[in-house]
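Dear colleague,

Please find below the structure that I am handing over to you. My notes on what was found in it follow directly after.

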Amino acid sequence: MKSRTTLRSIAVVAGLSALALAGCSSGPATGGSTPAASAPGGSGVSLISPGKLTVCTHLPYAPFQSNDDSGKTVGFDVDMMDLVAKKLGVEQAIVDTPFEGIKSGQDMATGKCDIAAAGMTITDARKKAILFSVPYFDATQALLVPNGSTVKSLADLKGKKLGAQSSTTGLDYATKNKAANGYEIVEFQDLASETQALLTGQVDAAINDLPVWSEALKQNPGKAMIATQFNTGEQYGFGMKLGNEALAKVVDDVITTSKTDGTYDQLFKKWIGEVPAS
């Protein structure tokens, strides 16, 4: 996006807590004045709300995070954050917020959330404002086109329109290659609007992370196809406030343990598909 990269404008609005979604609880109010609360278990982790790991994300970004038919937020990132919350002895509380505030680090720095889980690509620029976990997912960019399209590469888009999600590494990649390939970039604020634009012919192709396009194909059978992939070497990470080493240690331990005890592979198969050979 989120590359998510990342994806992907900072919203500080009254009543934001009405938008917060969690398995059993609501997110906290916006702002950096919330007193810190220590997580149980002697981990040394301070949380912005007692008994809650508050997680910022940007919906929808399936299969990493999206709302199911009942309105509950589910996905790979959500399940991974549930593991972290369990380790801390608390519950996860999810806050849906624009990706700009996440990728800039502002949401964590101001106390809107403890951590961001939003299919977010780790970049050197983002590291200046965000403390990232160890990588938890290897991402690849992909080009989605309508079924029957003759577009096979960026070069085939000369004089055409390419959709990209704002604030994402997909947009960065599209911008980097625009001059060489002669296409027009059309930006969309979220994945849903980018996908809809492709399906309704507003753009000739759309770029985003491969897993989210794979999910879009499942939801829209026979309407689109992946023309090509771009191996950009991206990796996702969970993002925290700079200096929050105590929480980062817990998150890193959870990621590492889940990969050794088989939990990570189970979640990968559940939400994404077959686990790539290591």
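With a relative accessibility of 0%, glycine 119 counts as buried (buried is under 20% relative accessible area, exposed is over 50% and partly exposed lies in between, with a 1.4 Å probe and protein chains only). The model is a predicted one, in which local features need pLDDT of at least 70 and side-chain atom pairs count only at pLDDT 80 or more, while totals for chains, interfaces and linings use all residues. Residues are numbered from 1 along each chain as its sequence is written, and side-chain values use heavy atoms, with hydrogens and water left out.

Glycine 119 is located in the loop between strand E8 and helix H4 (124–127). Helices (H or I, at least four residues) and strands (E, at least two) are DSSP runs numbered from the N terminus. Between glycine 119 and histidine 58 there are 61 residues in sequence, yet their C-alpha atoms are 8.9 Å apart in space.

**Strand E4 and its partners**

Five of the six residues of E4 are buried, so this strand is largely enclosed by the rest of the structure. E4 pairs with strand E7 (residues 91–96) in the parallel sense, over six bridges; two strands pair if DSSP finds at least two bridges between them. Lysine 52 stands opposite glutamate 91 in E7. E4 also pairs in the parallel sense with E8, over two bridges, and there valine 55 has isoleucine 115 in E8 as its bridge partner.

**Helix H9**

Helix H9 comprises 17 residues (245–261) and reaches 24 Å from its first C-alpha to its last, close to the 24 Å expected at 1.5 Å a residue. That expected span is 1.5 Å times one less than the number of residues. The buried residues in H9 are Leu247, Ala248, Val250, Val251, Val254, Ile255 and Ser258. They lie on the same side of H9, because they cover an arc of only 165° around the axis; the arc is that of the directions from the helix axis to the C-beta atoms. On the other side of H9, Lys249 and Thr260 are exposed.

What covers the buried residues of H9 includes strand E4 (52–57), helix H1 (76–88), strand E8 (115–116), strand E9 (131–132), strand E15 (239–240) and helix H10 (263–271). Contact here means heavy atoms within 4.5 Å. Just after H9, glycine 262 takes a positive phi of about 95°.

**The five-stranded sheet**

An open sheet with mixed pairing is formed by five strands, in the order E12-E11-E13-E10-E14. Strand E12 (184–188) and strand E14 (224–236) stand at the edges with a single partner strand each, so one side of each is left without a neighbour in the sheet. From one strand to the next, the twist averages 25°. Axes are lines fitted to C-alpha atoms, for helices over the stretch in contact, and angles run from 0 to 180 degrees between N-to-C directions.

Within this sheet, strand E10 (residues 137–146) and strand E13 (residues 205–209) pair in the antiparallel sense over four bridges. The bridge partner of leucine 143 in E13 is isoleucine 207.

**Helices against the sheet**

Helix H5 (residues 169–176) lies across E10, strand E11 (161–165), E12, E13 and E14, and runs at about 165° to E12. Threonine 168 is found in the loop between E11 and H5, and is buried with a relative accessible area of 2%. A polar atom of its side chain lies 2.6 Å from the backbone oxygen of glutamine 165. A polar contact is a pair of N or O atoms within 3.5 Å; within protein, one must be able to donate a hydrogen and the other to accept it, and residues adjacent in sequence count only if both atoms are side-chain atoms.

In helix H7 (residues 191–199), Leu191, Glu194, Thr195, Ala197 and Leu198 are buried. These residues fall within an arc of 160° seen down the axis of H7, so they line one face of the helix. They pack against E10, E11, E12, E13, H8 and E14. Aspartate 190 caps the N-terminal end of H7, with a side-chain oxygen 3.3 Å from the backbone nitrogen of alanine 192.

Helix H8 (residues 210–219) lies across E10, E13 and E14, at about 120° to E13. Alanine 216 belongs to H8 and, at 13% relative accessibility, counts as buried.

With kind regards
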